[in-house]
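Reader: Please take me through one part of this protein in detail. I would like the charged pairs, and what surrounds them, in short steps.

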Amino acid sequence: MNALIQPCQISHTGLVWNNHFHRLGPDFYTSLAPQGMPAPYWVGRSFAVAEMLGLPASQLQSDALLQALAGNQPIGGTQPLASVYSGHQFGHWAGQLGDGRACLLGEINGLEVQLKGSGLTPYSRMGDGRAVLRSSIREFLCSEAMHGLGIPTTRALCVVGSDEKVARETLETAAVVTRVAPSFIRFGHFEHFAARNQLMQLRTLADYVLARYYPDCQTASLLAANPYANLLMQVTERTAVMVAHWQSVGFCHGVMNTDNMSILGLTIDYGPFQFLDTYDPGHICNHTDRGGRYAFDRQPEIAHWNLYALAQALMPLIEDKALALQALDTFKPVFERTWQQLMRTKLGLVAGNDNPADHPLLQDLMALLTQDRVDYTLFWRRLSQAVASQQFAPVRDLFLDTAAWDAWLLRYGARLAGVDQDETAALMLKTNPKYVLRNYLGELAIEAAKGKDFSMVAHLLTLLERPFDEHPAFETYAGLPPDWASRIEISCSS
Ligand code: AMP
Ligand code: MG
């Protein structure tokens, strides 16, 4: 029987599970059950993700599901597993890594459901298989925040906590994030089999990804009818689009190792990420990243570097080096085009209304934001409001060099002359978020959650699901961060 159309199973929770990845066979994973956590409790829940899975809201409040997602109860119909992958970490080949603390339960509605922090696996290496409450809340909120911003990302159904102690720099408590995505396959999965010269498995994996996620690569003759080159090209394009979004919104991933790069071009593995407060292109958000390999402005070139690592792994299938290079060469134009378009929209310069003067206008603005260390999110939001009201003083207040700002504003005003002001402002308000998950907001939610108050996690989720809307009760969360925000240090420890 075709491995892709096996029958589904219905669990006691009424969910219909499918297990496509499991059918790839044991070369790709180890079957195992998640390890339970004592006395679990809900920390955060996304009813939007539940709906996507077809999970009734009542279930997301049930003890049965709480126990199941904490690993205390098996779920009928699932075939849990930890997958094996390798990767380049900080530019160096790291060899075998794998799901050291994640467990793929299976698939519902074509979406994989994975527990992160669910205990030891054969790939745990020196780790304990756990994730701490702090990093789990950050991943949960940021996944949903990115989705709210329209940025490709894995999603998160919920965070379940426990008082089980976990040792990091200090003693913390354990939590499990239930993550959801069409696939959790990473560049590193391909690198794993290529590095071991397991070409049959490499082809099986590539064919699986092609058939399930990139069906048009098999038929389209984009690159000499070579499906693997087509795949590389489409992954390259999706990755370029994803990173362009990150750059436009001021998102810094922090650990762009090849094992943290999704084959679907989704933002994945939220660790020491940060939304910029002040605009600093060289900002390093990961305290562990001393050399700044993953600094904000290096993200595009690093993504491209990672795609070269993927291409290297796919070479036994692509065979033709020139084709692989052709696929990789799409990165820069796609990134540049997407970024320009996103930034132009942030400025209210609608697509199709191109103007050669827009490029220097944007470059000069970015230089000004950098020079005056202007708060990135606040600037764009205030600019959007100013275009609506024609009151630019609140934007001017963000600059030190007000003469330079005034000069730029004159050029911008001239550029906007004649456009429909209300339409432009409406577009900008839908493009420039009022709320992003600033580090300090995450920290406040985490501190409260450590004391078992989960209300701020819920409030932030509400805001971040609709980041372009006004939420008058939470105006302070849209303001400048407090002074202590710049002293927060986020490392790889999670
Ligand atoms: P990350 O830096 O979170 O992307 O993780 C890199 C690798 O380390 C992956 O193979 C993870 O599964 C593994 N890992 C990270 N933290 C732990 C942990 N606490 N226990 C076991 N494995 C871990
Ligand atoms: Mg990872």
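Author: What follows is a walk through the salt bridges, and then through the helices and loops around them. The model is a predicted one.

Start with the count. The structure holds 22 salt bridges. Side chains of opposite charge can pair when their charged atoms come close.

Take Asp 269 and Arg 186. Their side chains form a salt bridge, with N to O at 2.9 Å. Asp 269 sits in the loop between strand E13 (251-252) and strand E14 (274-275). Arg 186 sits in the loop between strand E12 (171-181) and helix H4 (187-195). The pair therefore ties together parts that are 83 residues apart in sequence. Is this pair buried or exposed? Both Asp 269 and Arg 186 are buried.

Asn 260 belongs to this picture. Asn 260 is found in the loop between E13 and E14. Its relative accessible area is 9%, so Asn 260 counts as buried. Leaving aside residues up to four places away in sequence, Asn 260 touches both Arg 186 and Asp 269. Asn 260 also touches His 253, Val 255 and Ile 268.

Now move to Lys 434 and Glu 470. Their side chains meet in a salt bridge at 2.6 Å, N to O. Lys 434 lies in the loop between helix H15 (421-431) and helix H16 (439-450). Glu 470 lies in the segment after helix H17 (455-465). Lys 434 is buried, at 6% relative accessible area. Glu 470 is partly exposed, at 43%.

Compare Arg 298 and Glu 301. They form a salt bridge whose closest N and O atoms are 3.2 Å apart. Arg 298 is partly exposed, at 29% relative accessibility. Glu 301 is partly exposed too, with a relative accessible area of 46%.

Tyr 435 is placed in the loop between H15 and H16. Tyr 435 is buried, with a relative accessible area of 1%. Which residues does Tyr 435 touch, not counting residues up to four places away in sequence? They are Leu 463, Leu 464, Pro 467, Asp 469, His 471, Phe 474, Glu 475, Tyr 477 and Ala 478. The C-alpha atoms of Tyr 435 and Arg 466 are separated by 8.3 Å, and these residues are 31 apart along the chain.

Next come the helices H16 and H17. Their axes are 7 Å apart and the helices pack at an angle of about 145 degrees. From H16, Leu 441, Gly 442, Leu 444 and Ala 445 take part. From H17, Met 456, Val 457 and Leu 460 meet them. By class, this contact has six nonpolar residues, one polar and no charged ones.

End with helix H11 (residues 358-371). Its 14 residues should span 20 Å at 1.5 Å a residue, and its end C-alpha atoms are 20 Å apart, which agrees. Its buried residues are Asp 358, Leu 361, Leu 362, Leu 365, Met 366, Leu 368 and Leu 369. These cover an arc of only 160 degrees around the axis, which puts them on the same side of H11. What covers them includes helix H10 (331-346), helix H12 (376-389) and helix H14 (402-416). After H11 comes Arg 373, whose phi is positive, near 45 degrees.

Notes:
Residues are numbered from 1 along each chain as its sequence is written. Chains are lettered from A and ligands numbered from 1 in the order in which they are written. This is a predicted model: local features need pLDDT of at least 70, side-chain atom pairs count only at pLDDT 80 or more; totals for chains, interfaces and linings use all residues. Side-chain values use heavy atoms; hydrogens and water are left out. Helices (H or I, at least four residues) and strands (E, at least two) are DSSP runs, numbered from the N terminus. The expected span of a helix is 1.5 Å times one less than its number of residues. Buried means under 20% relative accessible area, exposed over 50%, partly exposed in between (1.4 Å probe, protein chains only). The arc is that of the directions from the helix axis to the C-beta atoms. Contact means heavy atoms within 4.5 Å. A salt bridge is a side-chain nitrogen of Lys or Arg within 4 Å of a carboxyl oxygen of Asp or Glu. Axes are lines fitted to C-alpha atoms, for helices over the stretch in contact, and angles run from 0 to 180 degrees between N-to-C directions. Ala, Val, Leu, Ile, Met, Phe, Trp, Tyr, Cys and Pro count as nonpolar, Asp, Glu, Lys and Arg as charged, and the others, Gly among them, as polar.
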